[in-house]
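Hi,

Here is the structure I promised to pass on. Have a look at it first, and then read my notes below.

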2 protein chains.
Amino acid sequence: MNMFETISEQRLHGGVQGFYRHHSETCGGPMRFAVYQPPQAADGPCPVLYFLAGLTCTEETATIKAGAQRLAAELGLVLVMPDTSPRNTGFEGATGDWEFGEGAGFYLDATQAPWSSRFRMYSYVARELPELIAARFPVDASRSGICGHSMGGLGALVIALRHPSRYRSVSAFAPIVAPSQVPWGHKALPHYLGDNRDSWAEYDPCELVRQQTFPGTILVDQGEADGFLETQLKPELFDQACAEADQSLLLRRHAGYDHSYWFIGSFIDDHLRHHAAALGLS
Amino acid sequence: MNMFETISEQRLHGGVQGFYRHHSETCGGPMRFAVYQPPQAADGPCPVLYFLAGLTCTEETATIKAGAQRLAAELGLVLVMPDTSPRNTGFEGATGDWEFGEGAGFYLDATQAPWSSRFRMYSYVARELPELIAARFPVDASRSGICGHSMGGLGALVIALRHPSRYRSVSAFAPIVAPSQVPWGHKALPHYLGDNRDSWAEYDPCELVRQQTFPGTILVDQGEADGFLETQLKPELFDQACAEADQSLLLRRHAGYDHSYWFIGSFIDDHLRHHAAALGLS
């Protein structure tokens, strides 16, 4: 089955904001995502930035709340924003807990039943979705960047660190950088990956960066009024890991900002310019 | 009772995005509104722009979807976004119909029972709310502008045309300009105002502009792919009324844009600059 459906397409900043649904082989069911095509996409392929959202979010969240399209239209950057997990899986325990299951896929490939048959967001975002985007939208896939927020920041860092030649740029807002060491990871990773912590390391930026650095500066913004800062995020762990691995990292701390999309919206333009520079747009 | 409650305040673009609730004497119950204070407000009073939302919306809609805060922060403009009606009124017929009742106050003072005891959004937006804002927030009320979308565009035009010395600037996105002549008005106005069409004229921009012009250019943006364009909006009627009344009007039609906040977001910066110029900010 190759179902691909346009849910809606609307004019935005001279381009097109669309929502789409398709059958994902990787995730064994329908998946949704949003794409913003800037005006320049009408004339030919544009670089593409993937944005991965956090816990509880969908493909609509950053699309509506981040305010990224205005500058993307100016720069000529396609934006792709996927959902955060498969939906309507019917698995026991897949709904009702915002930190695990649907809406909380953690951008990994689950190895434990029943999750392993559907919760494969790592391969979905790193392989299947980019192939679909390249086939259906006017993108220059050789110029791809990846960004994310919180759990999506984890996804962006993991995918970029494991595929350093596939993405030219990576950035994150308030990312989970050490899932092996924080309660969110301690809760979700055993369900998805089992108790062998070696498998957790494949999805832990602090572990990954020690094995393979990213050829470019990683931009991370963190609000100092973020309620998850000290228990779940711990950016100092990534700061230390990058320093030890000789990974270039620009970690900015912002007084007064919390974990919300108001924080993301306040600095999204800086992230777009970070990616644009690496993608040859500025 | 002078209940005033801060629901939330969060850092945004160097300023503060807040949501508030208070007891409204005018509307006989609690009302909610949002205020964005730009960074400049920390140093002293700033000009203020009111934004009135349309059918089905709340104080959250434009706050989250319009993307106005980024440029407001740059310009030094306070943004005030009220709810579109009283809530939880308990009146029969007040809920369940998106075109009438709660979420559809039409920014008028109802004269018909039971609506007349609560649905007084005209006086609320034109008098009580500005007094509250002036008392509680760092605004220079002598420099006020008003803007709105659809039903809120109706409200902005009506309030500005009836108080041309109180607002220095007015603009609208896809406004209802002739409620007396379109189905939305034909449905709501008899309930709120009765069948005497003379009373309808007090809330009809096409009628009002013939009696009293606004001392400045009115900016109106309209999408040509707006599904309500031909049946409910009819901007050509306002164009004609303004021409006959010698009212300066800049009516811009935009190919491909619909009635949504994607349309508003695409042109909100133009509106902020329109107001900023009249408010002495540029």
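In helix α9 of chain A (residues 235-245), the buried residues are Pro235(A), Phe238(A), Ala241(A), Cys242(A) and Ala245(A). Looking down the axis of α9(A), you'd see these buried residues fall within an arc of 120°, so they line one face of the helix. Some terms before we go on: buried means under 20% relative accessible area, exposed means over 50%, and partly exposed is in between (1.4 Å probe, protein chains only). The arc is taken from the directions that run from the helix axis to the C-beta atoms. Helices (H or I, at least four residues) and strands (E, at least two) are DSSP runs, numbered from the N terminus.

Two notes on the source: this is a predicted model, where local features need pLDDT of at least 70 and side-chain atom pairs count only at pLDDT 80 or more, while totals for chains, interfaces and linings use all residues. Residues are numbered from 1 along each chain as its sequence is written, chains are lettered from A and ligands numbered from 1 in the order in which they are written, and side-chain values use heavy atoms, with hydrogens and water left out.

Back to α9(A): on its other side, Ala243(A) and Glu244(A) are exposed. The cover over its buried residues includes α4, α7, β8 (218-223), α8 and β9 (249-254) of chain A. Just after α9(A) comes Asp246(A), with a positive phi of about 60°.

Helix α7 of chain A (residues 205-211) holds Arg210(A). Is Arg210(A) buried or partly exposed? Arg210(A) is partly exposed, at a relative accessible area of 44%. Leaving out residues up to four places away in sequence, Arg210(A) touches Ala241(A), Glu244(A) and Ala245(A); contact here means heavy atoms within 4.5 Å. Arg210(A) and Ala245(A) are 35 residues apart along the chain, but 5.2 Å separates their C-alpha atoms.

Now try helix α5 of chain A (residues 183-193), where Trp184(A), Gly185(A), Ala188(A), Leu189(A), Tyr192(A) and Leu193(A) are the buried residues. They cover an arc of only 105° around the axis, which puts them on the same side of α5(A). Their packing partners are α6 (197-200) and α8 (229-233) of chain A. Gly194(A) follows α5(A) and has a positive phi, near 85°.

His163(A) sits in the loop between α4 (151-162) and β7 (169-173) of chain A. With a relative accessible area of 18%, His163(A) is buried. Apart from its neighbours within four places in sequence, His163(A) contacts Tyr122(A) and Ala126(A).

Chain A can be laid on chain B by a turn of 180° and a shift of 0.0 Å along the axis, with an RMSD of 0.0 Å. The two copies are thus related as by a two-fold rotation axis. Copies are superposed by least squares on the C-alpha atoms of residues with pLDDT of at least 70 in both. Also, 100% of the interface residues of chain A are interface residues in chain B too, so the copies meet through the same surface.
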